Amino acid sequence: MSRFYYFSANLFVLTRAEIYIRSKIDERKTNDTYRSLKPENGLVDFCSNDYLGFARSAEISNAVAQYLKQHTHFNGSTGSRLLSGNTALAEKLEQQIAQFHGAQAGLIFNSGYDANLGLFSSLPRRGDTVITDELIHASIIDGVRLSYANRYTFKHNDLDSLEDKLKQARGNCYVAVESIYSMDGDSAPLTEILALTERYEACLIVDEAHAVGVFNRGLVHQLNLQQRIFATIVTFGKALGAHGAIVLGSELLHNYLVNFARSFIYTTAASFAQLAGVKIAYSFLEQSMAERKKLADNIALFKTHINTQGLIESTSGIQSIIIGGNKQTASAAGLIRDEGFDIRPILSPTVAAGSERLRICLHAFNTDNEIITLANLLNQKTDG
Ligand SMILES: Cc1ncc(COP(=O)(O)O)c(C=O)c1O
């Protein structure tokens, strides 16, 4: 195969592929959409998903270390779950988590991204329909793409728009929503959506990534809908402060995913230590009334003090303020960071152009003073 070489202005030799890569990066820089990694910065955390403070809890970390000391285990899992990587701990944990959320069964994946990819790529087939809220997480979109099913989007939280799409559905129909939306922080009208999907014999799938922990066992459980929902995705990397995810549903769905979900089958299983971290985090979640109450108080405190335009109505740990424009949003975030508060701008293409925002994540461990100071700063720096 022949290789093509080009000389760039500074005389580096670039292949055709490298020229393409360079042009895409340059395009991002020109549009202010270029992403780059930033190391930890020691600022006050208003951007992580560690809503209850579990990720930084010395108590949890000590309990995990203690558990690992008491149980003989390998460092790595040594293989995929279907080969050498399965353990009694993984199976027991799946049963315990399923029971905690009121589901019949659960299957652990290595991340929420993997869980959605595995579920949505294996379940719908060519000729089927997946209807997703327009703000659905990228992992669900990517999963559906791999399935070859048709995907329709409905207007955010809009039941009429959902019904329009349900009328057009062909084949088996799946509807996917988030109970708490990751970028807007608002909640889906789950009861109404479920009633509608039942009327059209569609299967409802709910991603609870940002609800579990913040709302105890999640909104599905809080609304007592767990028996009627086809599948629920719970991620362990947010309020649980660990890593990984589980798809909850029927025993039948569990067995189907073990056989067909490629992101489950073709990957090395989570290590014993990772699973132990999840197990201990769940045991702490059961006794986390105080953290949840503090988080709820902090959310209420923030909402009392914030009066900037563009705040999206939300009762969750995610409070977003629409600024609009990548440059303007990044600059507003920079002004707040200069004052010692770590908030991140969420820019397009992660969110739709025009809806670029400051996404503030509130935690149980944020102090009253931090929250009030941040709210005042946001009021000053984001209006006008
Ligand atoms: C709604 C939603 N689903 C799934 C994921 C993916 O989860 P994980 O970070 O465990 O891959 C995220 C995290 O960004 C999310 O916000």
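## Domains, pocket and cavities of a predicted model

The centres of domain 1 and domain 2, taken over C-alpha atoms, are separated by 27 Å. Where the two domains meet, 21 residues from domain 1 and 20 residues from domain 2 take part in the contact. The model is predicted. Its protein chain is divided into domain 1, which comprises 41–55 + 289–382, and domain 2, which comprises 71–285.

**The largest pocket**

The largest pocket lies between the domains, because domain 1 and domain 2 both give residues to its lining. The volume of this pocket is about 1600 Å³. Its lining is made up of 49 residues, and those nearest the centre of the pocket are Arg-35, Met-183, Ile-346, Thr-350 and Arg-359. Two or more lining residues come from each of the helices α4 (112–122), α5 (138–147) and α13 (326–337), and likewise from each of the strands β13 (344–346) and β14 (357–361). Sorted by class, the lining of the largest pocket contains 18 nonpolar, 19 polar and 12 charged residues.

**The cavities**

Three cavities of 30 Å³ or more are present in the structure. The largest cavity has a volume of about 120 Å³. It is lined by 14 residues, of which Arg-81, Ile-108, Asn-110, Ala-269 and Ala-270 are the closest to its centre. Strand β4 (105–109) and helix α10 (262–265) are the elements that give two or more residues to the lining of the largest cavity.

The second largest cavity holds about 50 Å³ of space. The residues that line the second largest cavity are Ile-108, Phe-109, Asn-110, Phe-236, His-243, Gly-244, Ala-270, Gln-274, Leu-275 and Val-278. At least two of the lining residues are supplied by β4, and at least two by α11 (272–285). The most is given by α11, with three residues.

The classes of the residues that line each of these spaces are set out below.

| Space | Nonpolar | Polar | Charged |
|---|---|---|---|
| Second largest cavity | six residues | four residues | no residues |

**Gln-319 in strand β11**

Gln-319 is found in strand β11, which spans residues 318–322. Its relative accessible area is 0%, under the 20% limit, and Gln-319 is therefore buried. The side chain of Gln-319 reaches two backbone oxygens: that of Ser-314 at 3.1 Å and that of Ser-316, also at 3.1 Å. When neighbours within four places in sequence are left aside, Gln-319 is in contact with Ile-299, Phe-302, Lys-303, Leu-311, Ile-312, Ser-314, Leu-358, Arg-359, Ile-360 and Leu-362. One of these partners, Arg-359, is also among the residues that lie nearest the centre of the largest pocket.

**Ser-331 in helix α13**

Ser-331 is found in helix α13, one of the elements that give two or more residues to the lining of the largest pocket. With a relative accessibility of 46%, which falls between the limits of 20% and 50%, Ser-331 counts as partly exposed. Ser-331 and Tyr-282 are 49 residues apart along the chain, and their C-alpha atoms are separated by 39 Å.

Note on methods
Residues numbered from 1 in each chain as written. Predicted model: local features only at pLDDT ≥ 70, side-chain atom pairs only at ≥ 80, totals over all residues. Heavy atoms only, no water. 1 Å grid on protein atoms, 1.4 Å probe; cavity = no way out; pocket = protein on both sides within 12 Å on 5 of 7 lines; lining within 4 Å. Points joined across faces, edges and corners; volume = space filled by probe spheres on them. Helix = DSSP H or I, 4+ residues; strand = E, 2+ residues; numbered from the N terminus. Nonpolar A, V, L, I, M, F, W, Y, C, P; charged D, E, K, R; others polar. Domains from an automatic or database assignment. Buried < 20%, exposed > 50% of the residue type's maximum accessible area, 1.4 Å probe, protein only. Polar contact = N/O pair within 3.5 Å; in protein donor to acceptor, adjacent residues only side chain to side chain. Contact = heavy atoms within 4.5 Å.
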